[in-house]
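Colleague: Hi! I'm new to this one, could you walk me through it?
Modeller: Happy to, let's open it up together.
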Amino acid sequence: MITVEHLTKRYGPSVAVDDVSFTVEPGHVTGFLGPNGAGKSTTMRMICGLTPATSGSARVLGKPFTALPNPGRRVGVLLDAAAQHSGRTGREVLTLAALMTGVDRRRIDTTLDLVGLTERESARRVGQYSLGMRQRLGIASALLGDPEVLILDEPANGLDPAGIRWMRDLLDDFASRGGTVLLSSHLLREIEAVADRLVVIGRGRVVAQGHKDDLLRQAGTFVRSTDDVALALALRQGGAGVEELSTGGLSVEAEPIDVGRAAAAAGVVLAELRAADSRGLEDLFLELTADDAREQSRMEVPA
Amino acid sequence: MTTASSNALRQAQEPPVETRTRRTRTTPDVRPLTFATLTLVEWRKQLDTRAGRWLLAVIAIVTAGVLAVMVAVNGGNHSFSAFVVGTTTPMAMLLPIVGVLAATSEWSQRTALVTFTLEPRRTRVGLAKVVAAIGSGLALLVVTVGLAALAHLLVVAFRDADPAWDVTARAVLYLALSVVLFMAQGVGFGLLLRSTPAAIVTLLLAPTLFGLVGGLVPGMADVLPWIDLGTAGEPLLFGSALDGEGWAQLGTATLIWVVAPLAGGLWRVERSEISSS
């Protein structure tokens, strides 16, 4: 359980995190989504007591992180996979963490196995690791203390699709055993694959949060028929908002069944009828990133 | 993989969360971190990289080199204590670097993020670094005194030097005290400046410049021993007895050059934001 209440961080005149509140509940993988520079990492560092908050508070397992005795045994944290001494071997990194948190050193092998790092890889120095291997090592450090909570900043960064799949299974399994997971990403696809709840942040503020399916679902129906003009007329008469799509078909602000009824009443033959694509979150997300990547968003969302 | 298949199964059935089996902890006793654990981990961190091991090895090699030169040149007729004194200058230059690296590597290698997540009480980590660095320094001191004894043994045996085993317990204690000061100073400057080159340059140059400039200012000659650690600490390195005033001078100079930077460094670490960039 992670509780964040009115967390705010100011750097001089600029506000990095602005009155952010959310809870991360056990049994779920909560995705923390936002474009680069939205305040994800700052928020996570404040949760972990590394960055002092300007105002507001964050509690992990009911306490401020810094008040947890031996936090490595309660909360697994990965904030930057690249932040490891390049001269240490992967095994040594885990050994130090095990010594510090008092974990049985036999757990090192189990954990290496769990994240898919081989004996030989673990004997190599971290400086020679690929980003994907560093992520696996970082996740291993986070899991080493057998924690109840995981806080992972961009853990899928550098993982290949198979790696993302592996991580989803791992986190799913962790959450299903009652664990609490908060993981961040700036990629919607990545979060979509891993998380079942979402907190979306943009320019330091929470702009949406809730169940992933609810957020992704856009109320509306896509319909294509032999006579879209007549169908659009019938639907508008019924009071539904209709948008004619340039690619053919209609986007209707109504449930599919109501669109079907209207079509039957008007005697129009349907060619396709389904709930609209989950574009809501994506639109919101592109809007958020628009300032940082104007060119890209113009290409992806033609006016 | 079994995890994957069981996950696929779970997704297919989509059981409500409430009915999922609650997690049972396999490790019920979570003991708080002790300072001893922290110190041992910090000590290990000084030795578990090539850079760290090489630094200690280089100090031992330089010491051995100085002794070898003393053995070889000008008949080599030196007493045990002369050999010990010969090793102290390179030690005084190099030992604080061990302390500096113990502190700055957390930032240059960005491990601070992990360290202070596992132990949020940052001052304890800083103090553990000081104690661990002192441990390394004292171990090196033992090696140095051993090498000096060996050097004296060599000149007595092969170069007809007069045997003079004249190193007193007091001289060794003084050296040990200076090691403590060097290490605390090194960690202090490291924590304060967080950059290896900046900390080393400051550490080596600042006291020298301070002594130099101080010597030029008229009337400073009387004050200098009270505020310059190089002057006040000289008896520790060269084995001359410290009287009451000497101890007092060492105290004030230590306050300025060791306690103040260390306190400032610890304060800065406690207060500041730990980030990866």
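This is a predicted model: local features need pLDDT of at least 70, side-chain atom pairs count only at pLDDT 80 or more; totals for chains, interfaces and linings use all residues.
Colleague: Got it. Into which domains is chain A divided?
Modeller: There is domain 1, covering 2-209, and domain 2, covering 216-300. Taken over C-alpha atoms, their centres are 38 Å apart.
Colleague: How many residues of domain 1 of chain A are in contact with domain 2?
Modeller: Nine residues of domain 1 of chain A are in contact with seven residues of domain 2 of chain A. On the domain 1 side, β8 (197-202) and β9 (205-211) of chain A each supply at least two of the residues that touch domain 2. By class, that side of domain 1 has five nonpolar, four polar and no charged residues.
Colleague: How many helices and strands does chain A have?
Modeller: Chain A has 12 helices and 13 strands. Its C-alpha atoms fill a box of roughly 75 × 45 × 35 Å along the principal axes, and 47% of its 303 residues count as buried.
Colleague: Can we zoom in on Thr30(A)? Where does it lie?
Modeller: Thr30(A) lies in strand β3 (residues 29-33) of chain A. It counts as buried because it has 24 C-beta neighbours inside 10 Å.
Colleague: Which residues does Thr30(A) touch, not counting those up to four places away in sequence?
Modeller: Thr30(A) touches Val24(A), Val181(A), Leu182(A), Ala195(A), Arg197(A) and Val199(A). Take Val199(A): it is 169 residues from Thr30(A) along the chain, yet their C-alpha atoms are separated by 7.2 Å.
Colleague: Nice. And Leu68(A), buried or exposed?
Modeller: Leu68(A) counts as buried, with 21 C-beta neighbours inside 10 Å. Leu68(A) sits in the loop between β4 (55-60) and β5 (75-78) of chain A. Leaving aside neighbours within four places in sequence, Leu68(A) is in contact with Val60(A), Leu61(A), Lys63(A), Arg74(A) and Val75(A).
Colleague: Next topic, backbone angles. What is the phi of Asp146(A)?
Modeller: Asp146(A) has a positive phi of about 50°, although it is not a glycine. For background, most residues other than glycine have a negative phi. Asp146(A) is in the loop between α5 (131-144) and β6 (149-152) of chain A, and it counts as buried because 20 C-beta neighbours fall inside 10 Å.
Colleague: What about Arg203(A), where is that found?
Modeller: Arg203(A) is in the loop between β8 and β9 of chain A. Its phi is positive too, about 45°. With 17 C-beta neighbours inside 10 Å, Arg203(A) counts as partly exposed.
Colleague: How many residues are in helix α6 of chain B, and what should they span?
Modeller: Helix α6 (residues 122-158) of chain B has 37 residues, which should span 54 Å at 1.5 Å a residue; its end C-alpha atoms are 54 Å apart, which agrees. After α6(B) comes Asp160(B), whose phi is positive, near 55°.
Colleague: And where is the kink in α12(B) centred?
Modeller: The kink is centred on Leu255(B) and is about 45°. Helix α12 (residues 244-271) of chain B reaches 38 Å from its first C-alpha to its last, close to the 40 Å expected. Its buried residues include Gln249(B), Trp257(B) and Pro261(B). Among the elements covering the buried residues of α12(B) are α6, α7 (169-193) and α8 (196-216) of chain B.
Colleague: Last one: how many residues of chain B are in contact with chain A?
Modeller: 38 residues of chain B are in contact with 40 residues of chain A. On the chain B side, α1 (2-13), α2 (35-47), α3 (50-72) and α5 (112-118) each supply at least two residues. That side has 14 nonpolar, 12 polar and 12 charged residues.

Note on methods: Residues are numbered from 1 along each chain as its sequence is written. Chains are lettered from A and ligands numbered from 1 in the order in which they are written. Two residues are in contact if their C-beta atoms, placed from the backbone, lie within 7 Å. Helices (H or I, at least four residues) and strands (E, at least two) are DSSP runs, numbered from the N terminus. Ala, Val, Leu, Ile, Met, Phe, Trp, Tyr, Cys and Pro count as nonpolar, Asp, Glu, Lys and Arg as charged, and the others, Gly among them, as polar. The expected span of a helix is 1.5 Å times one less than its number of residues. Domain bounds come from an automatic or database domain assignment. The bend at a residue is the angle between axes fitted to the seven residues ending there and the seven starting there. A residue is buried if 20 or more other C-beta atoms lie within 10 Å of its own, exposed if 12 or fewer, and partly exposed in between; C-beta atoms are placed from the backbone.
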